[in-house]
Amino acid sequence: MSVQRRPVFPEFDPDEVSSNLSANRPFHEVAAARFSRRSVLASGAVAAAAGFLTGSTGTAQATPGPAPAEPTGRRPTLGFTPVPTSDADGITLPAGYEAQVIIPWGTPIRPGGPAWRKDASNSAADQAEQVGMNHDGMHFFPLGKGAEGSRRGMLVLNHEYIDQQLLFPDGDAEMTREKVAKALAAHGVSIVEIVRTDDRGWQVADSPRARRVTTDTPVTFSGPVGPRHPALRADGPPRGTINNCSHGVTPWGTYLACEENFNAYFGTERAGWEPTPEQARYGIDHEGFGYRWHEADPRFDIAVNPHEANRFGWVVEIDPMDPDAVPVKRTALGRIKHEGCVTTEARGRIVAYTGDDQDGDYLYKFVGEGTWRDQRARGRSPLDHGTLYVARFEDDGKGRWLPLTHGTGPLTRAGGWADQADVLLRTREAADALGATPMDRPEWIAVNPANQDVYCSLTNGSGRGGAANPRTPNPYGHIIRWRESRGDNTATTFTWDIFLLAGDPAYDERTDLSEDTRFGSPDGLWFDPDGRLWILTDVSNSSQNLPEKGYDRIGNNQMLAADPHTGEIRRFLTGPRGCEITGVITTPDQRTLFVNVQHPGEATPAWGEPTPGNPRAVSNWPDFDPEGRPRSATLAIRRTDGGVIGA
Ligand code: FEO
Ligand code: CA
Ligand code: CA
């Protein structure tokens, strides 16, 4: 996300400001010893020729990270002609590919629903029946087997945040209860059924399963912080999910929406109010994003209704096939600013990786108790019973998962921790106490299907680590990977390595990227079934296209594909102005790739500021209607020859 606060053109994004005041050794310092050795190698011809640190190069022998593994199944070949960077207000794709724009913000979730109004005059009730704003994490759940399952399915996607200048006809000069209600309805999750025909491409179908889960939808809690926990007692029953960034999918077919910057929706005008240490650790303050909802709705006044904030920061399980199923917040996965929640399976157990996206925060994993099939057979959720761990990266290339279990280590009553629920409600502080490693903004996590190695994009960071860190600060980000001991994702130890340092070689010779592959701020990461690693970028609008930030040659946000075994990388797509590229999934046959274009047209110093009088100041994608406004939307990308995407 690249949310604005007042003033419109910020010098930084809120995520880039750390609220971690613990003394834990930052990842930058831990990485320094490893980087310093590598940077010597990277300064020579080896890096220029190899482009990446890969398991098969001599450089890899200098670091004890995960060794390369033979892929299973098809090779993750990259068969397309890469596209150049672009600052145009449109989509660029390789020759032989075409994109269809589907489900832009405001699309009725069923045919015949309330129609989109291009002047933003749709009501809150309309918005609750329409696709939300700012599309983010996404999954395609096929309906039917074989070829049918690649022509029909439930597309489920998050709506991370809103742009009040574009959501309301009069912008956000005044906040009203109706505007808050519309804003709540524009957040959350959209569940739509889509069908592809040869003549019309992908279309929204009428469906009994279609629904919106918004910030107003009834929800419940499960796990150690149960629905009747006193910390969840606030004004009215618990409702909604918010700031849903990335996501996850369970082996039993449910969707996990993850609550990221929940803190930023709360504020107060009450004189003398100050956040508690617990609130401050989550970044709760007087104004948040500056949405000012608290002026019209006391639900979001943190001084009036402080426990409302305890209801957010969780992973939310949603059944995409049952429109009556109440979304459940799975509290055993902890309360952090969850970017996403990626699951895998090891020894029959569910393993869920989740990052806390703020500068200086941590990486977590949850390991289920017993096999997930046994848990479900006993009528229990596999996500309610297990152990939550936080990562500690040692500077010798090894790492440990530290259990966030009440009664162990410092997490005792004597240490000030009442019980496991207390540990989970204050997950960040518990991880501080354990000595977890502060990271440079953990974003998406992906598990390589070929060898179970885990990759995480660290989008950028303050670079407040030691002097040996060659990336101080680290405006371009990097991708780290680790291999769990014995290749068992339930293990409590691992080895790690840096997959790549992003950047523009014209500004930073330490980057692993070249003139042809330059990018910055990796965010989305996803392995397709062949093992291609797709990388989606979210350069914040406070940096995008700006020479003073070293981002003018990187262009608009983009999507690239990498072969994790050879290190080859190719740029696949560039997006319109002001957007980020996020959310990626294919149909089971890998012949349609769905990708989200989030927040085109957002205010950026490079292009300007949308206003009620001119919402098109930055972008008018995808409609290019002279009286319209930019809209987040999903791209359905296919090859003109019908082949596998990326191959
Ligand atoms: Fe919502 Fe961390 O990107
Ligand atoms: Ca981001
Ligand atoms: Ca993100």
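Is Cys245 buried or exposed? Cys245 has a relative accessibility of 1% and therefore counts as buried, the cut-off being under 20%. Glu443 is buried as well, with a relative accessibility of 2%.

Before going further, the confidence of the prediction deserves a look. Averaged over the chain, pLDDT is 90, and 89% of the residues score at least 70. Residues 27-72 have a pLDDT below 50, and this stretch makes 107 contacts in the model beyond near neighbours in sequence. Another stretch with pLDDT under 50 is residues 465-470, for which the model has 11 contacts beyond four places in sequence. Where pLDDT is low, the predicted coordinates should not be read in detail.

Four strands form an open sheet in the order 23-24-25-26, and their pairing is antiparallel. Which strands stand at the edges? They are strand 23 (522-527) and strand 26 (569-574); each has a single partner strand, so one side of each has no neighbour in the sheet. On average, and with direction ignored, neighbouring strands of this sheet are turned by 25 degrees against each other. Strands of a sheet pair through backbone hydrogen bonds, in either a parallel or an antiparallel sense. Strand 25 (residues 558-562) and strand 26 run antiparallel and are joined by 5 bridges. Within this pairing, Met559 has Leu573 of strand 26 as its bridge partner.

Both Met559 and Leu573 are among the residues touched by Ile581. Ile581 belongs to strand 27 (residues 580-586). Its relative accessibility is 0%, so Ile581 counts as buried. Leaving aside residues up to four places away in sequence, the contacts of Ile581 also include Leu536, Thr537, Asn557, Gln558, Gly575, Val595, Asn596 and Val597. The C-alpha atoms of Ile581 and Val539 are 9.4 Å apart in space, while the two residues are 42 apart in sequence.

Val597, one of the contacts of Ile581, leads on to strand 29, where Val597 stands opposite Ala633. Strand 28 (residues 593-598) and strand 29 run antiparallel and are joined by 5 bridges. Strand 29 also pairs with strand 1 (residues 97-102), again in the antiparallel sense, over 6 bridges. One bridge of this kind has Tyr97 as the partner of Arg639 in strand 29.

How many residues of strand 29 (residues 633-639) are buried? The count is 7 of 7, so strand 29 is largely enclosed by the rest of the structure. In a regular strand the side chains alternate between the two faces of the sheet. For strand 29 both faces are covered: one side has Ala633, Leu635, Ile637 and Arg639, the other has Thr634, Ala636 and Arg638, and all of these are buried.

Some backbone details remain, and they fall in loops. The loop between strand 28 and strand 29 contains Pro622. The peptide bond from Trp621 to Pro622 is cis, with omega near 0 degrees.

Ile103 is not a glycine, yet its phi is positive, near 35 degrees. The loop that holds Ile103 runs between strand 1 and helix 4 (124-127). With a relative accessible area of 3%, Ile103 is buried. Gln452, also not a glycine, has a positive phi of about 70 degrees. Gln452 lies in the loop between strand 19 and strand 20 (454-458). The relative accessible area of Gln452 is 23%, so Gln452 is partly exposed.

Note on methods. Residues numbered from 1 in each chain as written. Chains lettered and ligands numbered in written order. Predicted model: local features only at pLDDT ≥ 70, side-chain atom pairs only at ≥ 80, totals over all residues. Heavy atoms only, no water. Pairing = 2+ DSSP bridges. Helix = DSSP H or I, 4+ residues; strand = E, 2+ residues; numbered from the N terminus. Axes fitted to C-alpha atoms, helices over the stretch in contact; angles between N-to-C directions. Buried < 20%, exposed > 50% of the residue type's maximum accessible area, 1.4 Å probe, protein only. Contact = heavy atoms within 4.5 Å. pLDDT = per-residue confidence, 0-100.
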